[in-house]
Amino acid sequence: SAVPATLSGISNLAKRGVLFKGGSYLSNLATIKAVAFDKTGTLTEGKPSVTDTYFVNEEKKEQWIELIVNMEKESNHPLANAILETFSQTTDLQLSVTNEIGKGLVTTYQGNHYQLGKVEDTSQLSTEIQERNTRWMTEGKTVVYLIENDTTVGMIAMMDVPNKAAEGVIHYLRSQGIETTMITGDAKVTGEAVAKKLQIDHVQANVLPENKSFIIKELQKNTGTTVMLGDGINDAPALVQADIGFAMGDGTDIAIDVADAVIMNNDLTKFSYAHRVSKKLNTVVW
Ligand code: ADP
Ligand code: MG
C-alpha cells in the first residue's frame with residue numbers, strides 16, 4: 001500500500017517546514033492544475049513601507065496625518081503598521097473607528113466624515129491626484145486615500161517587497177504546466193504591476209474578501225484541481241474552498257487553522273518542494 005510512503009513523505013516535509021494535516025492533501029498535490037495566491041503577505045512580505053504622500057492643502061497636512069494615525073491605530077492591517085511606523089503620533093483623538101474589511105476605515109471627527117482606504121471610482125478625482133495615483137500604482141505601490149466628507153484630500157503610497165521565493169515558485173509552476181493567479185483586494189494597476197514582475201499568469205484585483213472563494217470555484221470549474229495560498233483572515237473562505245489550502249506560517253491564526261497545510265517561515269520554495277515530493281510518491285510502483 002502507498003500509505004507508509006505518504007506518511008514518510010509527510011514527516012520528511014514536516015522536518016523541512018511544510019506541515020500537512022493529512023496524507024490525501026500530499027498525494028493530491030501532484031494532480032493540481034491551478035494555483036491561486038493572495039498578494040499581500042503571500043506573494044509579498046506583507047511589510048509595506050510608506051514611500052510617498054500628497055495632501056491637497058499644506059496647512060492642514062499635519063492635522064490630516066494626525067487623524068490618519070489615530071484611525072490606523074484601530075486597525076491591525078499591514079498598511080496600518082506601515083503608516084504607524086512612519087508617522088509618530090502626537091495626540092490621542094479618541095476616535096470611534098469602523099473597519100470595513102477589504103475597503104478601509106471610517107470615522108467622524110469634529111463634525112466631518114472621514115474615509116481612509118480605497119476609492120472605487122478614481123475617474124472623479126482631480127487630474128493632480130489621478131496622475132500621482134497612476135504613477136504610483138504602475139510602480140506596484142498600494143495607494144490609500146483620505147476622503148473628508150466627499151473630497152479626496154490626501155493620499156499615501158506604500159510599497160511592499162516581493163516574497164524572496166515568489167518568482168522561483170511561479171517559474172517552477174509554469175514549467176509544470178500549472179496556471180497561476182493572483183487574487184488581491186488591491187487596485188488593478190497595482191496588482192498587475194506586481195504580477196508582471198513575478199510573471200504570474202492572471203490577476204484578479206479589487207476582490208472583496210467574500211469573493212475570494214468565488215474565484216477559487218471558477219478556477220476549479222474551468223481549470224481543475226486548485227490550490228490556494230494565503231495568510232489573512234480574508235483568505236480563510238478561499239483556503240477552505242480550494243482542493244488544497246496552504247497557509248503562510250507567519251499568517252493569521254484563522255488562516256492556519258482552516259488550511260490543509262502550513263508553510264513555515266513563509267518560505268515559498270517549500271511549496272515547490274512539496275509538489276515534487278508528491279509527484280515522486282505518485283510515480284512509486286508497488
Ligand atoms: P489584500 O487582498 O491585498 O490583502 P485587503 O483586502 O486586506 O488587501 O485590502 C484591500 C484594500 O483595502 C487595500 O489595498 C487598501 O486600499 C484598503 N484597506 C484595507 N485596510 C486598510 C487600512 N487599515 N487602512 C487603509 N486602507 C485599507
Ligand atoms: Mg494577505
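Strands here are DSSP runs of E with at least two residues, helices are runs of H or I with at least four, and both are numbered from the N terminus. Thr-108 counts as exposed because it has 12 C-beta neighbours inside 10 Å. The scale behind that word calls a residue buried if 20 or more other C-beta atoms lie within 10 Å of its own, exposed if 12 or fewer, and partly exposed in between, with C-beta atoms placed from the backbone. Ser-96 is twelve residues from Thr-108 in sequence, and their C-alpha atoms are 7.5 Å apart in space.

Before going further, a word on what you are looking at. This is a predicted model, in which local features need pLDDT of at least 70 and side-chain atom pairs count only at pLDDT 80 or more, while totals for chains, interfaces and linings use all residues. Residues are numbered from 1 along each chain as its sequence is written, and chains are lettered from A and ligands numbered from 1 in the order in which they are written. The protein chain has a mean pLDDT of 94, with 98% of its residues at 70 or more; pLDDT is the predictor's confidence in each residue, from 0 to 100. The ipTM of the model is 0.95 and the pTM is 0.91.

Now step back to the whole chain. It is divided into domain 1 (3-45 + 162-283) and domain 2 (49-159), with bounds that come from an automatic or database domain assignment. The C-alpha centres of the two domains lie 31 Å apart. Where they meet, domain 1 contributes 13 residues and domain 2 contributes eleven, a contact being two residues whose C-beta atoms, placed from the backbone, lie within 7 Å. On the domain 1 side, α3 and α8 (188-198) each supply at least two residues, and α8 gives the most, with five. That side of domain 1 divides into six nonpolar, five polar and two charged residues. In this grouping Ala, Val, Leu, Ile, Met, Phe, Trp, Tyr, Cys and Pro are nonpolar, Asp, Glu, Lys and Arg are charged, and the others, Gly among them, are polar.

Ligand 1 comes next. Its shell holds 23 residues, and the closest are Thr-40, Ser-75, His-77, Gly-117 and Gly-185; a residue belongs here if its C-beta atom, placed from the backbone, lies within 6 Å of the ligand. The elements giving two or more residues to this shell are α3 (39-43), α5 (78-86), β5, β6 (112-117) and β7 (142-148). Domain 1 and domain 2 each provide at least three residues of the shell. By type, the shell has six nonpolar, eleven polar and six charged residues.

One of those elements, α5, has Pro-78, Leu-79, Ala-80, Ala-82 and Ile-83 as its buried residues. Their cover includes α3, β3 (49-55), α4 (61-72), β7 and β8 (151-159). Ala-80 counts as buried because it has 21 C-beta neighbours inside 10 Å. Leaving out residues up to four places away in sequence, Ala-80 touches Glu-72 and Ser-75.

In α7 (residues 166-175), the buried residues are Ala-166, Val-169, Ile-170 and Leu-173. They fall within an arc of 95° seen down the axis of α7, so they line one face of the helix; the arc is that of the directions from the helix axis to the C-beta atoms. The cover over these residues includes β2, α3, β9, α8 and α12 (269-283). Just after α7, Gly-177 has a positive phi of about 70°.

In α9 (residues 212-222), Lys-212, Ile-216 and Leu-219 are buried. Their arc, down the axis of α9, is within 60°, so they too line one face of the helix. They pack against β2 (34-38), β9 (179-183), β11 (226-230) and α10 (236-241), whereas the face of α9 turned away from the buried side carries the exposed residues Lys-221 and Asn-222. Gly-224 follows α9 with a positive phi near 130°.

Finally, look at two backbone angles in loops. Most residues other than glycine have a negative phi. Gln-110, in the loop between β5 and β6, has a positive phi near 50°. Asn-266, in the loop between β13 (261-263) and α12, has a positive phi near 55°. Gln-110 counts as exposed because it has 8 C-beta neighbours inside 10 Å, whereas Asn-266 is buried, with 20 other C-beta atoms within 10 Å.
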